[in-house]
Amino acid sequence: MAQNNTITLYDLQLASGCTISPFVWATKYALKHKGFDLDIVPGGFTGIMERTGGRSERLPAIVDDGHWVLDSWLIAEYLDEKYPDRPTLIPHASVKTLTEFLEAWLWRTAVGPWFRCYIKDYRDLSLPQDHEYVTKTRENMLEGRKLEDVQAGREDRLPLVPPTLEPFRLLVTQHKWLGGDTPTYADYRALAVFLWTASVATTPPLTEDDPLRDWLDRGFDLFDGLGRHPGMHSLFGLKLRPGDPEPFNKAGPMGGLQTRNTGPAATRAETERMTSGPTTRPSN
Ligand SMILES: N[C@@H](CCC(=O)N[C@@H](CS)C(=O)NCC(=O)O)C(=O)O
């Protein structure tokens, strides 16, 4: 049982002290959801093996009363198993399955492009002693290209990302939380993508009026503003230029996936659109 209600968390931080790793972010939220206080072991990308006494090359890691647990998913499952009387993170096996899909989709849709838009900043914001390691490992991940070259031209690429987030936008505008009335680990895994982005986004990736904002703001505010570290950047304020695509669907939900059929009144607008002539707008 956690001593003094406190669990030790090995963090992965930037020079500002804010967490960068999405996996660590998800774990911070998970520990808070379970009601624990955090004893943070600070540090960056290098020296993880030394800090963890040779136990891990990756973070997060937690120590609960002397018991080490590695890996963000394994930590969440451990917490639910060990502390079943506290609020549940993963209330049903399906939450894990569907969250794994959602997260893989978010990584493909957002993390990938944003990684290439912020990778030089990511290195520059890291602790000075991490710069060389981050440059080498991330350039290797990017097929040997220089971080400066990968990031260059991002003003042309950033506006292309928000429209691709529309399926996720629909989810979090039609439901208070992915978990329903209260957040679950699904929310924290998805929030972690945007917390990672905010840790490195020296220029904003989303427009001021993005409907994702309500869920994101509520998520960043959880647990006394856990996501509001002063080192974080604003996600909002992307300026569009003529010719950039619409960042989100401004016409409102329409179509078989997005609306509930409660009778002809609910489908009238869609029927009129379907019968009045050709349209370019996808139905879902
Ligand atoms: N499956 C692991 C992944 C952990 C992981 O890859 N962490 C990255 C940070 S995002 C790390 O420790 N990187 C150290 C490095 O790049 O050397 C988990 O879910 O905890």
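This section describes the sheet, the helices packed on it and the aromatic pairs of a predicted model.

The strands form an open sheet of four, in the order E2-E1-E3-E4, and the pairing within this sheet is mixed. Strands E2 and E4 (67–70) stand at the edges. Each of these two has a single partner strand, so one side of each is left without a neighbour in the sheet. On average, and with direction ignored, neighbouring strands are turned by 25° against each other.

Both senses of pairing involve strand E1. Strand E1 (residues 6–10) and strand E2 (residues 37–41) run parallel and are joined by five bridges. Within this pair, Tyr 10 stands opposite Val 41 in E2. With strand E3 (residues 61–64), in contrast, E1 pairs in the antiparallel sense, over three bridges. Here Tyr 10 stands opposite Ala 61 in E3.

Helix H3 lies across E1, E3 and E4, and runs at about 135° to E4.

These helices also meet each other. The axes of H1 (residues 22–33) and H3 (residues 72–82) come within 9 Å and cross at roughly 10°. Angles under 35 degrees count as roughly parallel, and H1 and H3 are therefore roughly parallel to each other. On the side of H1, the contact is made by Phe 23, Thr 27, Ala 30 and Leu 31. On the side of H3, Ser 72, Ile 75 and Leu 79 take part. By class, the contact of H1 with H3 has five nonpolar and two polar residues, and no charged residues.

Aromatic pairs were also counted, and the structure holds 14 of them. One of these is formed by Trp 25 and Tyr 29, with 6.4 Å from centre to centre and 55° between the planes. This pair is classed as tilted. Trp 25 and Tyr 29 are four residues apart in helix H1, and they are therefore separated by about one helical turn.

Note on methods: Residues are numbered from 1 along each chain as its sequence is written. This is a predicted model: local features need pLDDT of at least 70, side-chain atom pairs count only at pLDDT 80 or more; totals for chains, interfaces and linings use all residues. Side-chain values use heavy atoms; hydrogens and water are left out. Axes are lines fitted to C-alpha atoms, for helices over the stretch in contact, and angles run from 0 to 180 degrees between N-to-C directions. Angles under 35 degrees count as roughly parallel, over 145 as roughly antiparallel, 65 to 115 as roughly perpendicular and the rest as oblique. Contact means heavy atoms within 4.5 Å. Ala, Val, Leu, Ile, Met, Phe, Trp, Tyr, Cys and Pro count as nonpolar, Asp, Glu, Lys and Arg as charged, and the others, Gly among them, as polar. Two strands pair if DSSP finds at least two bridges between them. Rings of Phe, Tyr and Trp (its six-membered ring) pair if their centres lie within 6.5 Å; planes under 30 degrees apart count as stacked, over 60 as edge-to-face and the rest as tilted.
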